[in-house]
Amino acid sequence: WQLPLNRKLKNQLKSDIADLKNVGDRYGGAILAGLFLEEFVGDTPWAHLDIAGPAFLGKSCDTHLPVGGTGFGVATLMELALLK
């Protein structure tokens, strides 16, 4: 579903050093990431896929998902791209 871009959270992206920082408080990570990305896309349609949680395995689940990066969502995105 489409997550809201809660503008109240945008203050967490302020930085004393950079234009923006790509980190915030503990809560609202997916929304903060969306707010961060929004700063760079202009009028281009975009989407933020929050896949950080399932993107890495600390231990093997079965034969096709070893320890480390899972590539979660890559096959789905490739199928979507091939439909266009």
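Glu39 is partly exposed, with a relative accessible area of 38%, where buried means under 20% relative accessible area, exposed over 50% and partly exposed in between (1.4 Å probe, protein chains only). The model is predicted, with local features needing pLDDT of at least 70 and side-chain atom pairs counting only at pLDDT 80 or more, while totals for chains, interfaces and linings use all residues. Residues are numbered from 1 along each chain as its sequence is written, and side-chain values use heavy atoms, with hydrogens and water left out.

Helices are DSSP runs (H or I, at least four residues), numbered from the N terminus. Helix H1 covers residues 29-41, and its end C-alpha atoms are 19 Å apart, which agrees with the 18 Å that its 13 residues should span, the expected value being 1.5 Å times one less than the number of residues. Within H1, Ala30, Ile31, Leu32, Ala33, Gly34, Leu35 and Phe36 are buried. Just after H1, Gly42 has a positive phi of about 60°.

Across the whole structure, a search finds 2 salt bridges, each defined as a side-chain nitrogen of Lys or Arg within 4 Å of a carboxyl oxygen of Asp or Glu.

| Salt bridge | N to O distance |
|---|---|
| Glu38 and Arg7 | 2.7 Å |
| Lys10 and Glu39 | 2.5 Å |

Lys10 lies in the segment before H1 and Glu39 in helix H1, so that this pair links distant parts of the chain, 29 residues apart. Lys10 is partly exposed at 28% relative accessibility. In the pair of Glu38 and Arg7, Glu38 lies in helix H1 and Arg7 in the segment before H1, so the pair ties together parts that are 31 residues apart in sequence. Glu38 is partly exposed at a relative accessible area of 23%, and Arg7 is partly exposed at 47% relative accessibility.

Note on methods:
Helix = DSSP H or I, 4+ residues; strand = E, 2+ residues; numbered from the N terminus.
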